[in-house]
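Here is a short briefing on one protein model. Keep the structure in view and find each part as you read.

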Amino acid sequence: MATAQISKKRKFVADGVFYAELNELLSRTLAEDGYSGVEVRVTPVRTEIIIRATRTREVLGEKGRRIRELTSIVQKRFNFPEGNVELFAERVANRGLCAMAQAESLRYKLLGGLAVRRACYGVLRYVMESGAKGCEVIVSGKLRAQRAKSMKFKDGYMISSGQPRLEFVDTAVRHVLLRQGVLGVKVSIMLPYDPTGKTGPKKPLPDVVTIHEPKEDEVPHSQAAKPYGVNKEEQSAEPAVTGPGAVGQGYPTY
C-alpha cells in the first residue's frame, strides 16, 4: 500500500486494513470463479497481488481484460501510482484441501436448491478423498422448519486448540442468502503433514511419536570367524584330542 513515513504500529494496522478490504472485494467479485485467497508481496519496485483461484482462466478474462479491470479498481481505490501495482492469478494446487473453495462450492449447491444433508456429505467425501486428515462442516439457520437449528458433519481427525490448530486447520465461513433467511456455512479442513510443504505444513504435529527401526551392528570381518572369548593364540595352542579316550567317541568319561 502506498504510504508516507508513518510509525510501525500505524503501518501494521494500515496493512491489515488494506488486506481485509482487498480480500472482501475479491471474494465478492470472484466468488463464482473459485476464489481461494490473496497474497500481497511488497517489493521496492511495485506491489504484487497474487489471487489464488480454482479457475484462473475466468479470473484473467478474455485476453486478460478482467484482470486489467481489477488492477485499475485496486489502483484507484487505494491510491497507488500508475504502474505501481500488478495483479496475478495463481491456480490452487489441490482445491479439495482449500476451505474457501469448498465453502463457496457448498454455498452454490445450497443456492441451487440441493438438500443440506446431501450437499454437506458430498463436500465431506470430496475433501477426505483429496487427502485431508479430517473435515468438519457446520450449517446453521432455518434449514427446513421455521425454527433455526445447527447441523454438524464430521469425518476424520480434527484438532481444536493450541498452536498446531493455526498451522494445520484451514477454516472458511460463508453466508447463503436464501428466500426463507440466511444460512451460515463453516468449513474446517485438517491438512495433512507434508515434508515438502505443498499440500500441508512442513512441521509435524508435536504429539506425533515416530519409532525408528534399530540399526544392525556391523561386525568386522576379522572378528566374525573368531569364537567369543577365545584368543587366536590360545585357540592355536590347544592340542587336538584324538583317539579312543576322546570325548564324543562313545567311551565313558570320568
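A residue counts as buried when its relative accessible area is under 20%, and as exposed when that area is over 50%. By that cut-off Phe153 is buried, because its relative accessible area is 4%. Bear in mind that this is a predicted model.

**The four-stranded sheet**

- Strands pair through backbone hydrogen bonds, in either a parallel or an antiparallel way.
- This open sheet has 4 strands in the order E5-E4-E7-E6, with antiparallel pairing.
- Strand E5 (149–156) and strand E6 (169–177) are at the edges. Each has a single partner strand, so one side of each lacks a neighbour in the sheet.
- From one strand to the next, the twist averages 10 degrees.
- Strand E4 (residues 134–141) is joined to E5 by 8 bridges. Within this pairing, Val139 is opposite Met151 in E5.
- Helix H4 (residues 99–111) packs on this sheet and touches E4, E6 and strand E7 (182–190). The direction of H4 makes about 25 degrees with that of E6.

**The hairpin in that sheet**

- E6 and E7 are antiparallel and share 9 bridges.
- Thr171 is found opposite Ser188 in E7.
- The two strands, E6 and E7, form a hairpin with 4 residues between them.
- Gly181 lies in the turn and has a positive phi of about 155 degrees.

**The three-stranded sheet**

- A further open sheet has 3 strands in the order E1-E2-E3, and its pairing is mixed.
- Ignoring direction, neighbouring strands here are turned by 20 degrees against each other on average.
- Strand E2 (residues 47–53) runs parallel to E3, and 7 bridges join them. Ile51 is opposite Ala89 in E3.
- Helix H1 (residues 8–29) lies across E1 and E2, at about 145 degrees to E1.
- Helix H3 (residues 65–77) lies across E2 and E3, at about 135 degrees to E3.

**Aromatic rings**

- The whole structure contains 3 aromatic pairs.
- Phe18 and Phe80 form an edge-to-face pair, 6.0 Å centre to centre, with 65 degrees between the planes.
- That pair links distant parts of the chain: Phe18 is in helix H1, Phe80 is in the loop between H3 and E3, and they are 62 residues apart. Both Phe18 and Phe80 are buried.
- Tyr121 and Phe153 are also edge-to-face, at 5.1 Å centre to centre and 75 degrees between the planes.
- Here, too, distant parts of the chain are linked: Tyr121 is in helix H5 (residues 116–129), Phe153 is in strand E5, and 32 residues separate them.
- Is Tyr121 buried or partly exposed? Tyr121 is partly exposed, because its relative accessibility is 43%.
- Ring pairs join Phe18, Phe78 and Phe80 into a cluster.

**Charges over rings**

- Arg77 places its charged end over the ring of Phe78, 5.0 Å from the ring centre.
- Arg107 lies over the face of Tyr108, 5.2 Å from the ring centre.

**Cysteines**

- How many disulfides are there? The count is 0.
- Cys120 is buried, with a relative accessible area of 0%. Cys135 is buried as well, at 1%.

How values were computed: Residues numbered from 1 in each chain as written. Predicted model: local features only at pLDDT ≥ 70, side-chain atom pairs only at ≥ 80, totals over all residues. Heavy atoms only, no water. Pairing = 2+ DSSP bridges. Axes fitted to C-alpha atoms, helices over the stretch in contact; angles between N-to-C directions. Contact = heavy atoms within 4.5 Å. Disulfide = S-S within 2.5 Å. Buried < 20%, exposed > 50% of the residue type's maximum accessible area, 1.4 Å probe, protein only. Phe/Tyr/Trp six-rings, centres within 6.5 Å; stacked < 30°, edge-to-face > 60°. Lys NZ or Arg CZ within 6 Å of the ring centre and 35° of its normal.
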